[in-house]
Amino acid sequence: MNAEEYLTQLRLQIKDFSPQEQAELIEEIASHIETGENDPRLGPDPTDRANRLQAELGSPNDLGRGLRGVHRPNRWVDYLLVAIPSLLVIPLMPLVIVTVAKLTKIDLLSGMESSFSWSYFRVYIAFYSVLMILCVRKRSVSTLLYWLPTTILSIVALLLREGRLPWNPTGVEPGAPLETSFWLVALLALSIWLIKLLRQHRNEPMLVVLAVLPLLIAVANLVSGITERRLQGEQIEYINFTLGWFGLHQIAAFLWPALFYLPRQRAVRWLGLLTFTLPYLIYYTWPFRAHPLVLSLYILPVVMIIYVAARDLRVTQKPLYGR
Amino acid sequence: MSELHQVRKGSSPLLILSILADGPKHGYAIMRALEARSEGYFTMTAALLYPTLHQMEQDGLVESEWEGAEGTRRKKVYSITPAGLERLTSGQAEWKRFAEQLFRTLGGSGKPVETRSLE
C-alpha cells in the first residue's frame with residue numbers, strides 16, 4: 001500500500017470528522033510518512049524504508065479506529081443526554097412542580113398563574129444547569145452546545161416574563177432588583193461561555209449550527225408571538241392534526257438527536273439538524289403564510305442548514321499525499 | 001493480548017511524556033527517540049502513538065502547534081505541559097515502586113516459582 005492509498009483508507013475511517021479535522025489528521029500522518037521515507041535510519045534504500053514505514057504505520061483502519069475513539073467517543077451517551085431529558089423529563093416538569101407543591105403544601109393555586117410560572121422557569125433552569133454539569137463531566141461538547149443555548153434562552157424568557165428587562169413587553173411589574181442582577185450576571189456568564197465554545201469549535205460547522213438553531217427558533221417564536229398579539233381580532237389558524245403540537249414536538253425530540261448523535265455519516269447528521277426544525281416548519285409556516293417576516297424567520301434555519309451542509313459535504317478530489 | 005503487551009500499551013503516555021520532557025517533537029521523532037532510548041524494546045505503531053498523543057492533548061498533558069516553512073509540508077510538534085511534567089514525575093515514582101514490589105514478590109526465596117515447594 002503506497003502513501004496515497006494509506007491516506008485514502010484513513011480518510012474513509014474518519015469521514016465523519018469535520019473537513020478541518022480530517023485535513024489536519026491527514027496532514028499529520030502525511031508528514032510522518034514523508035519524514036520516514038527520507039530517514040536513512042530506516043534503511044539504506046527507498047524500498048527498505050517504505051517497508052519498514054509500512055510496518056510501523058500499521059493498518060489505516062486501526063489508526064482510524066483509534067482516532068475515532070479519542071475524537072468521537074460516547075455517541076450513545078450524547079444521544080441519551082439530549083433525548084431522555086427532552087422526551088421524558090421536560091414534558092413532565094409541570095406535573096412535577098404541581099406534585100411537589102401539593103406535597104409541601106405550597107399554595108400554587110391562589111395567584112396560580114404567577115406562582116406556577118415563578119417555579120416553572122426556575123425549575124427548568126436548575127434542571128438545565130444539572131444537564132450542563134453532566135455534559136462538562138462527560139466532556140461532551142456536542143451536548144453542551146445544545147443545553148447551554150437552551151439555558152440562556154430560558155433565562156431570557158424568565159427576564160422577559162417577569163418584567164426584568166428595560167424592554168418589558170408583558171407589562172408585568174418588574175421583579176426585585178437583586179434577583180434581576182443575579183439573572184443578568186448568569187446570562188452574561190453563560191453567553192460568554194457560549195461564545196468561547198463557538199470560537200473554539202468554529203471549524204466544526206455542525207456544532208456551530210447546533211448551537212445557533214435554538215436561538216434562531218426562539219427569535220422566530222418571539223416574533224410570531226408578537227405578531228399574533230398585534231393582530232388582535234384576526235385569528236391565526238393553526239392546522240389541526242392528530243398529533244398536535246406536543247406529539248409533533250415529541251417525535252422530533254426523539255428523532256433529531258438519534259439522527260445527529262448516533263450515526264457516523266455527516267450527511268445523516270445534517271439531516272438530524274434539519275429534523276430539529278421540522279416541527280416549527282410544519283406548525284408555523286402555513287398559519288403565518290401571509291406574514292413574510294415570520295415566515296422567513298422559520299425558513300431561515302432550514303436554508304442555513306442546507307447551505308452549510310452543502311459546503312461541508314462537498315467532496316475534494318485533490319491527492320492527499322502529493323502536493 | 002498478553003499481559004505484558006497490555007502493560008506496555010498502558011505505559012505509552014508515560015513513555016511519550018518522558019521523551020517530550022527532553023524537548024518538543026513531532027510524532028515521527030517521538031517514535032524514533034523512544035526506539036533509540038529503549039534500544040528497540042519499546043516500539044509503537046502509528047495506530048497507538050497518534051490516538052495516545054491526541055488523547056493526552058485533550059487531557060492537557062501535552063500541547064501542539066504546527067510548524068513548517070512556506071512551501072513545505074507542516075509538522076505537528078508536541079510539547080509537554082506543566083500538568084504533563086507533574087504526571088511524569090508521579091508516574092515515574094509509581095512505576096519505580098511497582099517494579100520494586102513486583103520483583104520482591106516474584107523473587108521471594110530467590111528460586112523460580114515452579115521449583116519452590118508449597119509447604
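Trainee: What is a salt bridge here?
Mentor: A salt bridge is a side-chain nitrogen of Lys or Arg within 4 Å of a carboxyl oxygen of Asp or Glu. Keep in mind that this is a predicted model.

Trainee: Which residue does R73(B) meet in a salt bridge?
Mentor: R73(B) pairs with E34(A), at 3.6 Å from N to O.

Trainee: How many salt bridges cross the interface of chain B and chain A?
Mentor: The rule finds five across that interface. Over all chains the count comes to 15.

Trainee: Which residues are linked in a network of salt bridges?
Mentor: R52(A) and E56(A) are linked with R32(B) and E35(B) in such a network.

Trainee: How many residues does each chain bring to the contact?
Mentor: Chain A brings 29 residues and chain B brings 24 residues.

Trainee: What area is buried between the two chains?
Mentor: About 2,300 Å² is buried between chain B and chain A, and carbon and sulfur atoms give 53% of that.

Trainee: Back to α4(B). Why is it called largely enclosed?
Mentor: Because 10 of its 13 residues are buried, α4(B) is largely enclosed by the rest of the structure. Among the buried ones are L48(B), L49(B), Y50(B), L53(B) and M56(B).

Trainee: How far apart are the end C-alpha atoms of α4(B)?
Mentor: They are 18 Å apart. At 1.5 Å a residue, the 13 residues of α4(B), residues 46–58, should span 18 Å, so the two values agree. Just after α4(B), G60(B) takes a positive phi of about 80 degrees.

Trainee: Which residue forms a salt bridge with E57(B)?
Mentor: K76(B) does, at 3.9 Å from N to O. K76(B) lies in strand β3 of chain B and E57(B) in helix α4 of chain B, so the pair ties together parts that are 19 residues apart in sequence.

Trainee: Is K76(B) buried or exposed?
Mentor: K76(B) is buried, with a relative accessible area of 11%. E57(B), at 26%, counts as partly exposed.

Trainee: New topic: α5(B). What span should the helix have?
Mentor: Helix α5(B) has 26 residues, 82–107, and should span 38 Å at 1.5 Å a residue. Its end C-alpha atoms are 37 Å apart, which agrees.

Trainee: What covers the buried residues of α5(B)?
Mentor: The cover includes α2 (12–20) and β3 of chain B. Buried residues in α5(B) include G84(B), L88(B) and G91(B).

Trainee: Now chain A. Which residue forms a salt bridge with D39(A)?
Mentor: R41(A) does, the closest N and O atoms being 3.2 Å apart. D39(A) counts as buried at 7% relative accessibility, whereas R41(A) counts as exposed at 56%.

Trainee: And which one pairs with E204(A)?
Mentor: E204(A) pairs with R266(A), with the closest N and O atoms 2.8 Å apart. E204(A) lies in the loop between α8 (177–200) and α9 (205–231) of chain A and R266(A) in helix α11, so the pair ties together parts that are 62 residues apart in sequence. Both residues, E204(A) and R266(A), are buried.

Conventions
Residues numbered from 1 in each chain as written. Chains lettered and ligands numbered in written order. Predicted model: local features only at pLDDT ≥ 70, side-chain atom pairs only at ≥ 80, totals over all residues. Heavy atoms only, no water. Helix = DSSP H or I, 4+ residues; strand = E, 2+ residues; numbered from the N terminus. Expected span 1.5 Å × (residues − 1). Buried < 20%, exposed > 50% of the residue type's maximum accessible area, 1.4 Å probe, protein only. Contact = heavy atoms within 4.5 Å. Buried area = accessible area lost by both parts, 1.4 Å probe.
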